[in-house]
Amino acid sequence: MVESVEEKRGYTIRTVRADDIDAIIKINRLTLPENYPYYFFVEHVRDWGEAFFVATVDGEVVGYIMPRIETGFSNLKSFIPLVKKGHVVSIAVLEGYRRRGIAKQLLTSSMEKMKQVYGAEEVYLEVRVSNYPAISLYEKLGYKKVKLLKHYYADGEDAYLMAAPL
């Protein structure tokens, strides 16, 4: 189990455990309009748990990153037929804990494990075009806007598909 403590910021990033699922679902429901059924979280913990991280403050889960690994066409290189790639399915931090570097640390920890443990060559995610703070963070971590996904979200908002090499 990987654990890194960010003492100066007062939070811990650690690998997910099965008993974190209820807290993760609560964060998902409080912070994001896109929600998933319970079994979806269970499958991601089971199948890609070494790249699935939570952030805790005083033992309470305050953020998470839920990835999966896929094989498909590259989002970065047109001349490579199929690649193993990480997909950031969901990342969220409770509002009162934002702007402390938690999302950045969750993302970098997960990206590292996607590459080391699962052999992913690149990573991608979808983000609302109006989510400027997230887009800015992703760009700082090397993500590029690959394409615009029209009406991607249930409410009709467009998304950027963003990708980065690992």
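Guide: First, the term: a pocket is an open set of grid points where a 1.4 Å probe fits, with protein on both sides within 12 Å along at least five of seven lines. Also, this is a predicted model.

Visitor: Fine. How much space lies in the largest pocket?
Guide: About 1,100 Å³. Its lining has 37 residues, and the closest to the centre are Ile91, Ala103, Asn131, Ala134 and Tyr138.

Visitor: Which element gives the largest share of that lining?
Guide: β5, with seven residues. Elements that each supply at least two include α1 (21–31), α3 (102–116) and α4 (132–140).

Visitor: And the lining by class?
Guide: 21 nonpolar, seven polar and nine charged residues.

Visitor: Switch to β6. How many of its residues are buried?
Guide: Seven of seven. Glu122, Tyr124, Glu126 and Arg128 cover one side. Val123, Leu125 and Val127 are on the other.

Visitor: What does β6 pair with?
Guide: β5 runs parallel to β6, joined by four bridges. The chain crosses from β5 through α3 to β6, a right-handed β-α-β crossover. β8 (residues 159–165) runs antiparallel to β6, with seven bridges.

Visitor: Who are the partners of tyrosine 124?
Guide: Histidine 87 stands opposite tyrosine 124. In β8, the bridge partner is alanine 163.

Visitor: Last one. Is threonine 56 buried or exposed?
Guide: Buried, because its relative accessible area is 8% and the cut-off is under 20%. Threonine 56 is in strand β3 (residues 53–57). Beyond neighbours within four places in sequence, threonine 56 contacts Gly10, Tyr11, Thr12, Arg14, Val61 and Val62.

Key:
Residues numbered from 1 in each chain as written. Predicted model: local features only at pLDDT ≥ 70, side-chain atom pairs only at ≥ 80, totals over all residues. Heavy atoms only, no water. Buried < 20%, exposed > 50% of the residue type's maximum accessible area, 1.4 Å probe, protein only. Contact = heavy atoms within 4.5 Å. 1 Å grid on protein atoms, 1.4 Å probe; cavity = no way out; pocket = protein on both sides within 12 Å on 5 of 7 lines; lining within 4 Å. Points joined across faces, edges and corners; volume = space filled by probe spheres on them. Nonpolar A, V, L, I, M, F, W, Y, C, P; charged D, E, K, R; others polar. Pairing = 2+ DSSP bridges. Right-handed = clockwise from strand over helix to strand, strands pointing away.
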